[in-house]
Structures are given as C-alpha cells and as structure tokens.
Amino acid sequence: MKIALLGYGKMGKTIEKCLLENQEHQVVLKINSGNRNSITKDELRTADVAIEFSQPTAAIDNIRYCFEAGVPIVTGTTGWYDQIESVKQWCSEHNGALVYASNFSIGVNLFFELNKRLSLLMKPRKEYEPFLTEIHHTQKKDAPSGTAITLASDLLINSTTKSRWVNIKDTPPHSKAANPDELIILSRRQDDVVGNHSVEYRSAEDRIEIRHEAFSRDGFAKGALAAAGWIRNRKGCYTFSDIMESI
Ligand SMILES: NC(=O)c1ccc[n+]([C@@H]2O[C@H](COP(=O)([O-])OP(=O)(O)OC[C@H]3O[C@@H](n4cnc5c(N)ncnc54)[C@H](OP(=O)(O)O)[C@@H]3O)[C@@H](O)[C@H]2O)c1
C-alpha cells in the first residue's frame, strides 16, 4: 500500500516507523505545514490512502482536498467534530472515502465498549457521581481530548442525572460542577504522557473506576494503518468503531 502522510509530526513519524516494519507498505508523500500548499492533487493520487494526523484547524481542509483528489483518507486529528455534518455531506458529494476516530487504538476502542456497558449498569444508581479524567502531553492543542469527549458522550446517553459535559483544566479531582446535571471532564497536561483516560463513579461509600493508559503511540499508528487497508477500496464515511470487527 502506498501511503501519503498528511501531517508528519509525532503521529506521522510513528506511522512511518510502523510502516517500515512491513515491506508491503511505502510512504510516498510526507506533508507538513511547510509543503502542504505545494502538494497537487496529482501528487496526492500517487498514494492509495492518505493518513492524516495534523492539527484541528488543518484537518477539515485536508479531508476536503483528499475527497476532491479521489484519495481515501484516514484521519486521527481531533478537535474538528463540530463540522462532522459538513464533512459527511462533502464525502457524499465527492463519492469520497473516510475513516475518522478520536482514537485508533484497539485497546481504547475496547475501553469505549466497557464504558458503554458500565454506564448501562449505573443507569439506576443515582447515588454514584460519574467523573472523567484525561491526561496528555503538554503539546496537545485541544482539550478535552477527542477520546474523553467520546467517553463522555457515550456515558451521557445512559445517564439519568447528567445532561452535558463540561471541561475543567488542571484543578483537583472531584471539584463540583457548576450545575448538578454537568458531567466534569478534568483535562490535565503533563510532560511525556501519551494518553491516559479514566471513568469513575463515586458514592459516599465507594468508587468504581475503569482506566486506559497508552504506553506509546504505536497502538494508534497500527489501528490507523489497519483502517487504511480497510478503506482503500471502499467509499463512504466511517468511524473506527464501524470497522473494528472487520480488521
Ligand atoms: N485518533 C488518534 O488515535 C490520535 C492519536 C494521537 C494523536 N491524535 C491527534 O492527531 C493530531 C496530531 O497529533 P501529533 O501528536 O502527531 O501532533 P504534532 O506532533 O504536533 O504533529 C502535527 C503535524 O501536522 C503538521 N501540520 C500542520 N498543519 C498542517 C497542514 N495544514 N497540513 C498538513 N500537515 C500539517 C505539522 O507540521 P509542522 O511541524 O510543519 O507545523 C506536524 O507535522 C492531534 O489532533 C492529536 O490530538 C489522535
């Protein structure tokens, strides 16, 4: 598979490292902010799939450019999901192909399923207060993380006490939300943390917690590569959870 790396930072380089371990794959383009505007659609078409890990303000433009060039795209960039409906419409108009996910790690996607199951079990247990925490490296631009938003959104579907999430940065855990119907996401930034997420439910008597910790970026890269192989000959707009059982 020939891959264009749209975004050649921490994730782009990790994907390249994982690609080089497999002789069947080849990186044909490495794109960052410096050369993005000089890349033509013809050049982009030398790739079978583009894998996009750039930044929130760049992702939408990159996705659209791939649709226009007719190149399937996998994007892990977060922080743009408020525009997902426009992206789905462009995908349909251009007969494009996209897989997007707030997290491409298989482990995190299993964690998403655990979170949904736990939220169902907790549905009648109003004495438990839910609370989310995410910790990432200090260069991360968006907060809360896309992964934390996915966890919060899935939890809220089954919650009878919370109706929306609020983000609180770097304050002590278990501080009170302004309104009792708000689910707190605590976002913390610490050097060299790849990505930690926890979901906890606390009552006066005890605490239940599920937690995921990424040891490296390799899990995200391997999931994105698997998604690239899957979308290569398909059309349409998918999330990683749509395809996880088939990869
Ligand atoms: N979904 C997941 O599994 C997952 C996992 C990890 C990270 N992420 C997300 O992926 C994104 C990238 O993470 P990262 O850690 O790799 O960030 P990073 O190290 O800051 O790298 C970002 C890269 O994007 C490039 N870039 C900036 N503007 C661009 C543009 N218009 N077109 C193409 N490339 C452009 C940057 O180039 P310059 O250096 O020239 O500015 C840099 O190479 C973030 O949104 C992060 O939250 C998602």
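Trainee: Which strands form the open sheet with parallel pairing, and in what order?
Mentor: The order is β2-β1-β3-β4-β5-β11, so 6 strands, and the pairing is parallel. Strands here are DSSP runs (E, at least two residues), numbered from the N terminus. Two strands pair if DSSP finds at least two bridges between them. This is a predicted model: local features need pLDDT of at least 70, side-chain atom pairs count only at pLDDT 80 or more, and totals for chains, interfaces and linings use all residues. Residues are numbered from 1 along each chain as its sequence is written, and side-chain values use heavy atoms, with hydrogens and water left out.

Trainee: What holds paired strands together?
Mentor: Strands of a sheet pair through backbone hydrogen bonds, either parallel or antiparallel.

Trainee: How many bridges join β3 and β4?
Mentor: 3 bridges, in the parallel sense. β3 covers residues 49-52, and β4 covers residues 73-75. Ile51 has Val74 in β4 as its bridge partner.

Trainee: Which strands does α3 touch?
Mentor: β1, β3, β4 and β5 (97-100). Contact means heavy atoms within 4.5 Å. The direction of α3 makes about 165° with that of β4. Axes are lines fitted to C-alpha atoms, for helices over the stretch in contact, and angles run from 0 to 180 degrees between N-to-C directions.

Trainee: And what does α1 lie across?
Mentor: β1 (2-6), β2 and β3. α1 runs at about 165° to β1. Helices are DSSP runs too (H or I, at least four residues).

Trainee: New topic. What is the order of the open sheet of 5 strands?
Mentor: β7-β8-β6-β9-β10, with mixed pairing. Its edge strands are β7 (164-169) and β10 (207-213).

Trainee: In what sense do β6 and β8 pair?
Mentor: Parallel, over 5 bridges. Glu134 has Ser187 in β8 as its bridge partner.

Trainee: Which strands does α5 lie across?
Mentor: β9 (196-202) and β10. α5 spans residues 106-122 and runs at about 165° to β10.

Trainee: Pockets next. How much space lies in the largest one?
Mentor: About 960 Å³. A pocket is an open set of points on a 1 Å grid over the protein atoms alone, with protein on both sides within 12 Å along at least five of seven lines. The lining has 42 residues, and among those nearest the centre are Met11 and Phe53. Lining residues have an atom within 4 Å of a point.

Trainee: Which element gives the largest share of that lining?
Mentor: α3, with 4 residues.

Trainee: How many cavities of 30 Å³ or more are there?
Mentor: The count is 1. A cavity is a set of grid points where a 1.4 Å probe fits but cannot get out. The largest cavity holds about 110 Å³. Its lining has 13 residues, with Met122 and Tyr201 among those nearest the centre.

Trainee: How many disulfides?
Mentor: 0 disulfides. That takes a pair of cysteine sulfur atoms within 2.5 Å. For Cys66, the nearest cysteine sulfur is that of Cys91, 11 Å away. For Cys237, the nearest is also that of Cys91, at 5.0 Å.

Trainee: Is Cys66 buried or exposed?
Mentor: Buried, because its relative accessibility is 0%. Buried means under 20% relative accessible area, exposed over 50%, partly exposed in between (1.4 Å probe, protein chains only). Cys237 has 24%, so Cys237 is partly exposed.

How values were computed:
Grid points are joined across faces, edges and corners, and a volume is the space filled by probe spheres set on the points.
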